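Dear colleague,

Please find the structure for your study below.

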Amino acid sequence: MTQIGAGVNETGRLLRDDAGFLLQRDLGGSYRLVLLRVPIDHVEKRVRVQGYYAGDGIVEAEGVAAA
């Protein structure tokens, strides 16, 4: 289990739904992403997300880039 405040550096597929953005993780499962910028160019593509775990499956993303 990931601790709140732990660093996150994972790859997966960036998805968009009615509530915002999700990272479908390469390791299985998904994270709901809190993003300051909208990464429209990366939707439905494989990306690397860096940020911090906020609890309840939520990651405060500092960066989203092509993987």
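Let us begin with Ile40, which is found in the loop between E3 and E4. Strands such as these are DSSP runs of E with at least two residues, helices are runs of H or I with at least four residues, and both are numbered from the N terminus. Ile40 is partly exposed, its relative accessible area being 48%. Here buried stands for under 20% relative accessible area, exposed for over 50%, and partly exposed for what lies in between, with a 1.4 Å probe and protein chains only. Between Ile40 and Leu15 there are 25 residues in sequence and 10 Å in space, C-alpha to C-alpha.

Please note that this is a predicted model, in which local features need pLDDT of at least 70 and side-chain atom pairs count only at pLDDT 80 or more, while totals for chains, interfaces and linings use all residues. Residues are numbered from 1 along each chain as its sequence is written, and side-chain values use heavy atoms, with hydrogens and water left out.

**The barrel**

The model contains a closed barrel of 5 strands in the order E1-E2-E3-E5-E4, with mixed pairing. On average, neighbouring strands of this sheet are turned by 55° against each other, direction ignored; the axes are lines fitted to C-alpha atoms (for helices over the stretch in contact), and angles run from 0 to 180 degrees between N-to-C directions. Two strands count as paired if DSSP finds at least two bridges between them. In general, strands of a sheet pair through backbone hydrogen bonds, either parallel or antiparallel.

Both senses of pairing can be seen around E3. Strands E2 and E3 run antiparallel and are joined by 4 bridges, and Leu23 stands opposite Tyr31 in E3. The hairpin of E2 and E3 has 4 residues between the strands, and Gly28 takes a positive phi near 105° there. Strand E3 (residues 30-34) pairs with strand E5 (residues 58-66) in the parallel sense, over 3 bridges. Arg32 has Ile58 opposite it in E5, and Leu33 has Val59 as its bridge partner in E5.

Which residues of E3 form its covered face, and which its uncovered one? Tyr31 and Leu33 make up the covered face, whereas Ser30, Arg32 and Val34 make up the uncovered one.

Leaving aside residues up to four places away in sequence, Leu33 touches Leu14, Phe21, Leu22, Leu23, Val49 and Val59, where contact means heavy atoms within 4.5 Å.

**The aromatic pair**

The structure holds 1 aromatic pair. Tyr31 and Tyr53 form this pair, which is tilted, with 5.9 Å from centre to centre and 55° between the planes. Rings of Phe, Tyr and Trp (its six-membered ring) pair if their centres lie within 6.5 Å; planes under 30 degrees apart count as stacked, over 60 as edge-to-face and the rest as tilted. The pair links distant parts of the chain, as Tyr31 is in strand E3 and Tyr53 in strand E4 (residues 46-55), 22 residues apart. Both Tyr31 and Tyr53 are buried.

**The salt bridges**

Side chains of opposite charge can pair when their charged atoms come close. A salt bridge is counted when a side-chain nitrogen of Lys or Arg is within 4 Å of a carboxyl oxygen of Asp or Glu, and by this rule there are 4 salt bridges.

One of them joins Glu10 and Arg25, with the closest N and O atoms 2.8 Å apart. Glu10 lies in strand E1 and Arg25 in strand E2, so this pair ties together parts 15 residues apart in sequence. Glu10 is buried, at 12% relative accessible area, while Arg25 is partly exposed, at 21%.

Another joins the side chains of Asp17 and Arg32 (2.9 Å, N to O). Because Asp17 lies in strand E1 and Arg32 in strand E3, the pair ties together parts that are 15 residues apart in sequence.

Yours sincerely
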